[in-house]
Amino acid sequence: MSKLITDECVSSLVDKHVGKTDISSVGDGTITGAISSLNSMIKYTEIVTDLNEYSFVSLTEQFNFTPQNTFAVYIIDGIPDVNVEATLYTYNGMLYAKIQNREHTLDYAGYGIRLGIIYLEKK
């Protein structure tokens, strides 16, 4: 009786879904070690600032966050409306957080706001 799952099937599955990237230099070189190492670099901080006249916060100029190490921003408080979102975007290599309501109709210039930032801290 032949195998239902051949070595070629397993190899193909791993190549397509797991990949061939060398992780030997991340953590202790195992998948568990790499995940643990990356998790230890994920940091969280809160910032308090005023929004500029365009409802933006310059995360690069004011707080030294970069597009390469920052991957999430969210509003903790300071905006009285519901359905307001914080969006990360870059312009000329600078990282900004744009604060807007879902319909893009309200301006929050001058509001004091507290944001949560999730980023990677390089060791």
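## Starting with Glu46

At 39% relative accessibility, Glu46 counts as partly exposed, because that label covers everything between buried (under 20% relative accessible area) and exposed (over 50%), using a 1.4 Å probe and protein chains only. Keep in mind that this is a predicted model, where local features need pLDDT of at least 70, side-chain atom pairs count only at pLDDT 80 or more, and totals for chains, interfaces and linings use all residues. Residues are numbered from 1 along each chain as its sequence is written, and side-chain values use heavy atoms, with hydrogens and water left out.

## Salt bridges

The structure holds three salt bridges, each being a side-chain nitrogen of Lys or Arg within 4 Å of a carboxyl oxygen of Asp or Glu. In one of them, Glu46 pairs with Arg114, with the closest N and O atoms 2.7 Å apart. Glu46 sits in strand β1 and Arg114 in strand β6, so this pair ties together parts that are 68 residues apart in sequence. Strands (E, at least two residues) and helices (H or I, at least four) are DSSP runs, numbered from the N terminus.

Arg114 also meets Asp77 in a salt bridge (2.8 Å, N to O). Asp77 belongs to strand β3, and 37 residues separate the two partners. Both are partly exposed: Arg114 at 25% relative accessibility and Asp77 at 36%. Then there's Arg102 with Glu85, at 3.5 Å from N to O. Shared partners join Glu46, Asp77 and Arg114 into one network.

## The sheet

Now for the strands themselves. Three of them make an open sheet in the order β1-β6-β3, with antiparallel pairing; two strands pair if DSSP finds at least two bridges between them. At the edges are β1 (42-50) and β3 (70-77), each pairing on one side only. Six bridges join β3 to β6 (residues 112-120), and Thr70 stands opposite Tyr119 in β6.

## Helix α2

Helix α2 (residues 31-41) lies across β1 and β6, at about 20° to β1. That angle is taken between N-to-C directions, on a scale from 0 to 180 degrees, with axes fitted to C-alpha atoms (for helices, over the stretch in contact). Gly33, Ala34 and Met41 are buried in α2. They cover an arc of only 100° around the axis, which puts them on the same side of the helix; the arc is that of the directions from the helix axis to the C-beta atoms. The buried residues of α2 pack against β1 and β6, where contact means heavy atoms within 4.5 Å. The face turned away from that buried side carries the exposed residues Ile31 and Thr32.
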